[in-house]
Amino acid sequence: MVKSSPFYELLEVKGATIVVRSAASQDLVHLEVLYTLINMANQSSASWTGEGHLVKVERIDRESLRKIIISESFTLLLGFPPNLSGEEVKPIACLEVAIKGKRGYTNLLAVDPAYQSKGVASAMSRASDRYFISHNIFFTVLTVLHRRDDIKAWYYRAGYRPTGRTEPFPDPDNTLEEECYLEEWGKPLKAATCHPNRNANRSHVIRSHL
């Protein structure tokens, strides 16, 4: 796995524009915000990605999250709302991306419940596609709990399909279901429809309405 150059995109989301960029060590100031965001999205019933009815554990702990932010092997994409007041803004979304061999991997997709149903999750997913293509990666995979038909339907609309591979839930003692495992879903990426991010300082606009 290789740490990439900085990533930066402007994304239009239902009439607004958000910034998506790769996290850096200075973003450790947002550690608590991101920790809460990821685990709130995972455990809260207010979040469409909530899995508190299936698992009892946090999605990530603070130390593991800190390591991802400063890692040379992983990249955490952060989504920020427009800064209209001039005050410091906090991330409203995140998505971990990693490259292993010839495949891209995504994990930890989380969106602040206040910004859900506004196309932010779809925009983050599209940004990850562009991230991978900019590194000549044309197939991306993720895992999803097998009982989450609603989330699988969302990924299906985003172009993902089940690969047929499964893996055990990593902490079976903290599941609320007798049978709980992860399904792998994958998606081919097309450079012709998703151009590489050739310059981290150059802005591109992706329109998203999911």
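These legends walk through a few close-up views of a predicted protein model. Residues are numbered from 1 along each chain as its sequence is written, and side-chain values use heavy atoms, with hydrogens and water left out. Because this is a predicted model, local features need pLDDT of at least 70 and side-chain atom pairs count only at pLDDT 80 or more, while totals for chains, interfaces and linings use all residues.

**View 1. The whole chain, to get your bearings.** The protein chain has four helices and nine strands (DSSP runs, H or I of at least four residues for helices and E of at least two for strands, numbered from the N terminus). Take the contacts with a separation of 6 or more: 69% of them come from residues 24 or more positions apart (a contact means heavy atoms within 4.5 Å). The accessible surface is about 10,800 Å², and carbon and sulfur atoms own 50% of it (Shrake-Rupley method, 1.4 Å probe; for residues, only the protein chains shown count as cover).

**View 2. Rings around Tyr131.** The model has four aromatic pairs (rings of Phe, Tyr and Trp, the last by its six-membered ring, with centres within 6.5 Å; planes under 30 degrees apart are stacked, over 60 edge-to-face, the rest tilted). One of them joins Phe7 and Tyr131 edge-to-face, 5.8 Å centre to centre with 70° between the planes. Phe7 sits in the segment before strand S1 (8-13) and Tyr131 in helix H3 (residues 120-133), so to speak bridging 124 residues of chain. Together, ring pairs link Phe7, Tyr131 and Phe132 into a cluster. Phe7 and Tyr131 are both buried, and Phe132 is buried too.

**View 3. Glu9 meets Arg130.** This is one of nine salt bridges in the structure (a side-chain nitrogen of Lys or Arg within 4 Å of a carboxyl oxygen of Asp or Glu). The Glu9 and Arg130 side chains come together at 3.1 Å, N to O. Glu9 belongs to strand S1 and Arg130 to helix H3, so the pair ties together parts 121 residues apart in sequence. Glu9 is buried, at 0% relative accessible area, and Arg130 counts as buried at 11%.

View 4. Arg103 pairs with Glu184, their closest N and O atoms being 3.2 Å apart. Arg103 is in strand S5 (residues 103-111) and Glu184 in strand S8 (residues 181-188), 81 residues apart. Glu184 counts as buried, at 10% relative accessibility. Asp129 forms a salt bridge with Lys187, at 2.7 Å between the closest N and O atoms. Asp129 lies in helix H3 and Lys187 in strand S8, so this pair ties together parts 58 residues apart. Asp129 is buried at 9%, as is Lys187 at 7%.

View 5. Arg62 lies over the face of Tyr35, 3.8 Å from the ring centre (NZ of Lys or CZ of Arg within 6 Å of the ring centre and within 35 degrees of the ring normal). The charged end of Lys100 sits over the Tyr105 ring, 4.7 Å from its centre. Elsewhere, salt bridges link Asp149, Lys152 and Glu183 in a network.

Technical notes: Buried means under 20% relative accessible area, exposed over 50%, partly exposed in between (1.4 Å probe, protein chains only).
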